[in-house]
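User: I would like to go through the labels assigned to this model and see what each one rests on. Please set each value against its cut-off.

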Amino acid sequence: MSGHVYKVIEVVGSSPEGLEQAIHNGIHEASQSVRQMRWFEVTDTRGNIENGVVAHWQVTLKIGFTMESSL
C-alpha cells in the first residue's frame, strides 16, 4: 500500500521557559497516550504578561499520527 493516512489531534503545550519548551511539553505529554506520532504544526501562540514581562507561553499544536491498520 502506498501513501499514509493520518489522524490529527490538537493539544496546547505551555511553559514559563519559552515557546520551544512549550512545544516540547505538549508533544511529550501527548506521547504518553498517542502512538505513531509523525509531525506537528504550531497553529496558535499566546503568552501571559505579568508586571510588564512575559511570564508564560502557550502554543496550540496539531499533531499528526499514523493510524494502525486493522488488516
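User: In which strand does Tyr-6 lie?

Analyst: The model is a predicted one. Tyr-6 belongs to strand β1, which covers residues 6-15.

User: Why is Tyr-6 called partly exposed?

Analyst: Its relative accessible area is 36%.

User: What makes Tyr-6, Val-8 and Trp-39 a nonpolar patch?

Analyst: Patch members need over 30% relative accessible area and no salt bridge, and nonpolar side chains are joined within 5 Å. Together with Val-8 and Trp-39 it forms a surface patch of about 260 Å² of accessible area.

User: Why is His-4 called exposed?

Analyst: His-4 has a relative accessible area of 61%, and exposed means over 50%, so the label applies. His-4 sits in the segment before β1. Its C-alpha atom is separated by 8.5 Å from that of Met-67, which is 63 residues apart along the chain.

User: Why is Thr-66 called buried?

Analyst: The relative accessible area of Thr-66 is 13%. Buried means under 20%, therefore Thr-66 is buried. This residue is in strand β3.

User: What does Thr-66 touch, leaving out residues up to four places away in sequence?

Analyst: Thr-66 touches His-4, Val-5, Tyr-6, Gln-36 and Arg-38. Contact here means heavy atoms within 4.5 Å.

User: How does the span of α1 compare with the expected 18 Å?

Analyst: Helix α1 runs over residues 19-31, which is 13 residues, and reaches 18 Å from its first C-alpha to its last. That is close to the 18 Å expected at 1.5 Å a residue.

User: How do you know that the buried residues of α1 line one face?

Analyst: The buried residues are Ala-22, Ile-23, Gly-26 and Ala-30. Viewed down the axis of α1, they fall within an arc of 100°, so they line one face of the helix. An α-helix has 3.6 residues a turn, so residues three or four places apart point the same way. The cover over the buried residues of α1 includes β1, β2 (37-50) and β3 (53-66).

User: What makes the pair Arg-46 and Asp-44 a salt bridge?

Analyst: The N to O distance between their side chains is 2.6 Å. The cut-off is a Lys or Arg side-chain nitrogen within 4 Å of a carboxyl oxygen of Asp or Glu, so the pair qualifies. A search of the whole structure finds 1 salt bridge. Arg-46 is partly exposed at 31% relative accessible area, and Asp-44 is partly exposed at 33%.

User: Why is Met-37 called partly exposed and not buried?

Analyst: Met-37, in strand β2, has a relative accessible area of 23%. Buried would need under 20%, so Met-37 is partly exposed. Leaving out residues up to four places away in sequence, Met-37 touches Ile-27, Ala-30, Ser-31, Ile-63, Gly-64 and Phe-65.

Technical notes
Residues are numbered from 1 along each chain as its sequence is written. This is a predicted model: local features need pLDDT of at least 70, side-chain atom pairs count only at pLDDT 80 or more; totals for chains, interfaces and linings use all residues. Side-chain values use heavy atoms; hydrogens and water are left out. Patches are made of residues with over 30% relative accessible area and no salt bridge: like charges are joined within 9 Å, nonpolar side chains (Val, Leu, Ile, Met, Phe, Trp, Tyr) within 5 Å. Accessible areas come from the Shrake-Rupley method with a 1.4 Å probe; for residues, only the protein chains shown count as cover. Helices (H or I, at least four residues) and strands (E, at least two) are DSSP runs, numbered from the N terminus. Buried means under 20% relative accessible area, exposed over 50%, partly exposed in between (1.4 Å probe, protein chains only). The expected span of a helix is 1.5 Å times one less than its number of residues. The arc is that of the directions from the helix axis to the C-beta atoms.
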